[in-house]
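Please read each point alongside the sequence and the structure.

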Amino acid sequence: MLRGLLLFCCGFLLFFTAALTAVRLLGLDDGTYLALPMAGFPYAVAATIVLTLVVLAASGRLLLVLAIALVVTQLFQVVPRFIPHNTTASSVRLRVAAANTDVGKADPQTIMALVRSEQIDVLSLEEFTAAGVQALDRAGIGKLLPYHELHPEIDSSIYSRYPLVLSGLLKAATKWQQPTAQIMVGGRTVTIVAVHTYYPPGDPQRWAQDLQALGGAAKTAGKDTVFLGDFNATLDHATMRNLLADGLIDSHAELGRGWAPTWPSVLPVFQLDHVLHGSGLTAVRAGEQTIPGSDHRAVFAELALNQR
């Protein structure tokens with residue numbers, strides 16, 4: 001009796017993890033509210049593994065076969081992000097970081113400490129306000145990153161150690177305009193885009209349209225490009241996977257760090273913030289940093305320019 005009840009409960013829970021797996025395989029979360037549970041797909045994988053072990057212990061043969069098939073399917077989708085696949089990189093490096101400042105609440109001193117400790121060359125700030133600009137000015141940002149493309153009236157901004165060859169706003173139909181700039185690194189022009197998309201709980205179609213627009217920009221941006229910031233999407237969302245298919249590489253996943261949650265900052269659950277780059281660069285290091293006052297953790301990466 002107890003064994004039958006246990007197997008029934010396991011089967012009931014496996015039905016939900018299987019349903020979420022089907023949603024991911026079919027991309028049904030693209031532009032729909034199914035994007036919300038999809039953000040927790042890695043947890044569904046972990047739950048499926050635990051349930052499979054329980055079914056094994058309870059000797060539920062038929063259910064065990066189904067559970068194992070489900071585990072294999074899920075692992076096929078998530079394991080690649082935990083396998084490092086970067087190649088030998090050149091000595092020419094670009095260090096970048098992005099932080100959602102939570103409408104200017106992020107502590108400017110901690111941001112400055114991040115810039116110093118990681119020797120950041122380019123800093124992307126989202127939900128960045130005029131007050132935030134003034135706070136960073138007082139903290140001495142101009143001494144470390146003297147060049148900038150500031151748009152606090154819109155949402156995001158870019159600070160740079162290198163002069164900006166060209167700068168402005170990305171020509172993409174997104175909810176908030178995305179600042180962009182070009183810098184010269186090792187004799188090559190690298191395009192930087194500070195990203196902040198709309199969020200799925202507010203309007204999943206608007207969110208999906210933002211990511212699709214970024215995908216269109218990525219296709220024409222070239223190999224030497226960096227898109228970084230708050231994408232409001234994980235690597236399991238269909239819209240993010242489409243964006244990566246458009247020519248971008250996730251720095252954390254490239255290094256085998258496929259689980260690096262950044263939101264909420266107090267107890268990170270989902271990785272919504274990313275450093276994506278084109279095939280002309282290779283990630284050699286990536287990490288996250290808690291910024292007091294912000295609800296997101298900052299992300300940073302050291303990128304090497306591939307030899308041609």
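1. Which residue takes a positive phi in the hairpin of β11 and β12? G293 does, with a phi near 95°, in a hairpin that has six residues between the strands. The model is predicted, and local features need pLDDT of at least 70, side-chain atom pairs count only at pLDDT 80 or more, and totals for chains, interfaces and linings use all residues. Residues are numbered from 1 along each chain as its sequence is written, and side-chain values use heavy atoms, with hydrogens and water left out.

2. Strands β11 (residues 281-290) and β12 (residues 297-305) run antiparallel and are joined by nine bridges. E288 has V299 in β12 as its bridge partner. Strands are DSSP runs (E, at least two residues), numbered from the N terminus, and two of them pair if DSSP finds at least two bridges between them.

3. Two cavities of 30 Å³ or more are found in a search of the whole structure. A cavity is a set of points, on a 1 Å grid over the protein atoms alone, where a 1.4 Å probe fits but cannot get out; lining residues have an atom within 4 Å of a point. Volume is the space filled by probe spheres set on the points.

4. The largest cavity has a volume of about 80 Å³. Its lining includes R81, D236, W259 and F270.

5. The second largest cavity holds about 60 Å³. Among its lining residues are T101, I111, F128 and L136. Helix α6 (130-139) gives the most to this lining, with three residues.

Definitions and conventions. On a 1 Å grid over the protein atoms alone, a cavity is a set of points where a 1.4 Å probe fits but cannot get out, and a pocket is an open set with protein on both sides within 12 Å along at least five of seven lines; lining residues have an atom within 4 Å of a point. Helices (H or I, at least four residues) and strands (E, at least two) are DSSP runs, numbered from the N terminus.
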